[in-house]
Amino acid sequence: MRRFGRTLVTAALAVTLVGGTAGWASGDSQAAVTGPPPGAAAWRADTVSGRSLPDPATAAPREVAAFFAGLDDTARRRLLRSHPLVVGNLEGAPLPLRYEANRIALAATGEARYASLAAPDRQILAFDPRGRGQVAEVFGDLERAEHVAVIVPGSDNDAATYDAPRKPYTGPAGMARALREAAGTAPATGKGTPTGGPVAVVAWIGYTTPVGVGLDAADGRLARAGAARLARFTAGLDAVGAPDPVLFCHSYGSVVCGLAARHTDASDIVAFGSPGMRAETAAALRTGARVWAARGPSDWIADVPNVEFAGIGHGADPVSEAFGARRVPAADVQGHTGYFMPGTQSLAAFAAIANGAAR
């Protein structure tokens, strides 16, 4: 009887979460964009020197890397010109080739909302125009970096809005810029000079995020689709020789990271402003990565019930002692999105984790 009572309380809390009385608002239901980008069928029908091209839906990133390593520059550029959307999103393809392919694909849309992303100085690692648009951008030199960090954001982020001028430190691109700048100056355990080498940061909006914080944000449907894409993305980094990444997972993005954790080779996973990671403890994530968690004192996410019932809610609070994550100082963080503001304790700690200085 006591167990039945606890179940009823959990159900009531889950309904509260969805209904919005904990500070959540309704949002439009989104269809998850999955699979390879447009143009995959034409790519599969093509050949190079009589060889079939690796299937973008099923080929492992290491197979893709080996395939491109066996091509000369003429063959690579022919594929780039013929299939820019596929090459630009093909995990394991050479990084410079992907950057160029995505410039072509972005310009080909003719859409003003993507014009800034097509600029020659942008390093767009992935671009998918379907739905609200997905994008991944590199800040720094990913080919030579000694450390790599990946920003995995939450609701209301897509290819057109992730680098909005009004979000210099709170949007995914702003977070990435702030982290890269701070990681170059983060001291080793608070004394001396940085121990880490160059850091590259990727702002990764490679999944369909919820709009608003309604039912999509309360269940795991979009997060499950995103987790599969994040796992493949990190496998792509590994295939081109990049270091094991640090995942910085904000809000609903921490749900994505929680579901992807055991399928990535991340060295560290940092959840901040998290509603839960779909695991009751850090150990239950089944990852070899160090797990960190942060929440500011005025972050409204603290009012969201940490429950999971009938697929609604995301489970235990990552900053709770019982969860077992390492705590990141965040006493001076303002609101739900202020974790990368210059001068904050959280940004300094994030930078030390990113450049390998944190212990």
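Where does Thr209 lie in this structure? In this predicted model, Thr209 is found in the loop that runs between strand S6 (199-205) and helix H8 (215-218). Its relative accessibility is 0%, so Thr209 counts as buried, the cut-off for that class being under 20%. When neighbours within four places in sequence are set aside, the residues in contact with Thr209 are Gln30, Arg132, Gly154, Ser155, Asp156, Asn157 and Leu222. Between Thr209 and Gly226 there are 8.3 Å in space, C-alpha to C-alpha, and 17 residues in sequence.

**The protein as a whole**

The secondary structure of the protein consists of 11 helices and 10 strands. Of its 359 residues, 55% are buried. Among contacts with a separation of 6 or more, 66% are between residues 24 or more positions apart.

**Helix H9**

Both Leu222, a contact of Thr209, and Gly226, whose C-alpha is 8.3 Å from that of Thr209, are buried residues of helix H9. This helix covers residues 221-239 and has 19 residues, and the 28 Å from its first C-alpha to its last is close to the 27 Å expected at 1.5 Å a residue. The buried residues of H9 also include Ala223, Ala225, Ala227, Leu230, Ala231, Phe233, Thr234, Gly236, Leu237 and Ala239. Just after H9, Gly241 has a positive phi of about 85 degrees.

**How helices pack**

Two packed helices are described by the angle between their axes and the distance between the axes.

| Helix pair | Angle between axes | Distance between axes |
|---|---|---|
| H3 (residues 61-69) and H9 | about 40 degrees | 8 Å |
| H4 (residues 73-82) and H6 (residues 95-109) | about 30 degrees | 9 Å |
| H7 (residues 172-183) and H11 (residues 345-354) | roughly 70 degrees | within 8 Å |

With an angle of about 40 degrees, H3 and H9 are therefore oblique to each other, and their crossing is right-handed. On the H3 side the contact is made by Pro61, Arg62 and Ala65, and on the H9 side by Arg232, Ala235, Gly236, Asp238 and Ala239. Sorted by class, this contact has 4 nonpolar residues, 1 polar residue and 3 charged residues.

How are H4 and H6 oriented to each other? At about 30 degrees, H4 and H6 are roughly parallel, because angles under 35 degrees are placed in that class. The crossing of H4 and H6 is right-handed. H4 contributes Arg76, Arg77 and Leu80 to the contact, while H6 contributes Leu97, Glu100, Ala101 and Ile104. By class, the contact of H4 with H6 has 4 nonpolar and 3 charged residues, and no polar residue.

The axes of H7 and H11 cross at roughly 70 degrees, and H7 and H11 are therefore roughly perpendicular to each other. The contact is made by Ala178, Leu179, Ala182 and Ala183 of H7 together with Leu347, Phe350, Ala351 and Ala354 of H11. By class, the contact of H7 with H11 has 8 nonpolar residues, with no polar and no charged residues.

Note on methods
Residues numbered from 1 in each chain as written. Predicted model: local features only at pLDDT ≥ 70, side-chain atom pairs only at ≥ 80, totals over all residues. Heavy atoms only, no water. Helix = DSSP H or I, 4+ residues; strand = E, 2+ residues; numbered from the N terminus. Expected span 1.5 Å × (residues − 1). Buried < 20%, exposed > 50% of the residue type's maximum accessible area, 1.4 Å probe, protein only. Axes fitted to C-alpha atoms, helices over the stretch in contact; angles between N-to-C directions. Parallel < 35°, antiparallel > 145°, perpendicular 65-115°, else oblique. Left-handed = near helix turned anticlockwise from the far one by under 90°. Contact = heavy atoms within 4.5 Å. Nonpolar A, V, L, I, M, F, W, Y, C, P; charged D, E, K, R; others polar.
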